[in-house]
Amino acid sequence: KRMAGFEGPPYEIDLIKKNGDLLTFEISAQPLRKDGKIIGDLGILRDVTERKRADQEILQKSSDINLINIINEAANQGKAFEEILHLVSRETQKLFGGTVQIVYLLSKDKKYLSMDNLNLPPRMAHGIERLIGGKIPEIKIKLKPGGIYTDILSKGKAVLTNDHDVMLNMARECFEDSTLKILVATAIKILGVNSTISVPLKSDSEIIGLLGIGRHEPFTESDMKRIETIAGQLVSIIKRKRTEKQLEESEDNLRTYLENAPDGVYLSDLTGNFIYVNKKTEGILGYSKEELIGNNYFKLNLL
């Protein structure tokens, strides 16, 4: 095109150095003319590898922050824990091109990892279900001495593997059934998983679960660090939801106790307006809850 006199805008190409390193260059080029005729071509190459890398890092950080904001917003809106887990799985898969993502939570006796959320593309899920002749079972990994999952949790550090044999053994540990263990290799082939990252979900110094994600393309150390950040945010949501549940249970217990207390119990504000009364108070005063709550202690002439 330049030899035909076309002067285009700068463009980028990737060049491979003699040592195998990949570099990105921006090329500005134009035809050389003499007496109105094109006699050659002038190109200027500018190495923009570092700039492109920096731009990519900024884009990745922006995407990660956006995901964290989405997770926090869902939690602040009071979304159910299952909804938030599904949201994390869906958005993380989009972010990293993941094929499969599983969130496991550690059992109270710390003997098992139980699957709490599994996210698979529908087509692949259907393929696996046809293979095993039924629905994908709930995964419950028994944490045995010397097992891969036991080792990951005991060390408390994220693990990246591109080793097919290691991934095969990890998948086999997910099932006790001998038939399913045999079918694991075919299932991995259907999923097209060639690389996995396993991140322990750690609350302070306590392990509460594991986040696993797999995809066709090899993960990088940078990917692992980013997924660790997202996992840390997931841990804070898990802690928050557990605290909310404990608080709800505590409030339910208190409410049950007050409702069945042998004494009359009431709450009022400083001006004497009833905020709460229990059953016994209704029996003592002869007023129903509806008549008391919102009414004033003094205006009802209860003294």
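Author: Let's start with a cut-off: a residue is called exposed when its relative accessible area is over 50%, and buried when that value is under 20%. Keep in mind that this is a predicted model.

Reader: Is N301 buried or exposed, then?
Author: N301 has 65% relative accessibility, so it counts as exposed. You'll find N301 in the segment after α9 (289–292). Its phi is positive, about 55 degrees, although N301 is not a glycine.

Reader: Where is K110, and what is its phi?
Author: K110 sits in the loop between β4 (100–106) and β5 (112–119). Phi of K110 is near 60 degrees, again a positive value in a residue other than glycine.

Reader: And R226, buried or exposed?
Author: With 10% relative accessibility, R226 counts as buried, because the cut-off is under 20%. R226 belongs to helix α7 (residues 221–259). Setting aside neighbours within four places in sequence, R226 is in contact with Q60, D64, L95 and F96.

Reader: How do I read a pair of helices?
Author: Two packed helices are described by the angle between their axes and the distance between the axes. Here, the axes of α1 (residues 49–76) and α2 (residues 81–96) come within 10 Å and cross at roughly 170 degrees. That makes α1 roughly antiparallel to α2, since angles over 145 count that way. The α1 and α2 crossing is right-handed.

Reader: Which residues meet there, between α1 and α2?
Author: From α1, they include D64, L67 and I70; from α2, they include L87, V88 and L95. The residues of this contact divide into 9 nonpolar, 2 polar and 2 charged.

Methods. Residues are numbered from 1 along each chain as its sequence is written. This is a predicted model: local features need pLDDT of at least 70, side-chain atom pairs count only at pLDDT 80 or more; totals for chains, interfaces and linings use all residues. Side-chain values use heavy atoms; hydrogens and water are left out. Helices (H or I, at least four residues) and strands (E, at least two) are DSSP runs, numbered from the N terminus. Buried means under 20% relative accessible area, exposed over 50%, partly exposed in between (1.4 Å probe, protein chains only). Contact means heavy atoms within 4.5 Å. Axes are lines fitted to C-alpha atoms, for helices over the stretch in contact, and angles run from 0 to 180 degrees between N-to-C directions. Angles under 35 degrees count as roughly parallel, over 145 as roughly antiparallel, 65 to 115 as roughly perpendicular and the rest as oblique. A crossing is left-handed if the near helix is turned anticlockwise from the far one by less than a right angle, and right-handed if clockwise. Ala, Val, Leu, Ile, Met, Phe, Trp, Tyr, Cys and Pro count as nonpolar, Asp, Glu, Lys and Arg as charged, and the others, Gly among them, as polar.
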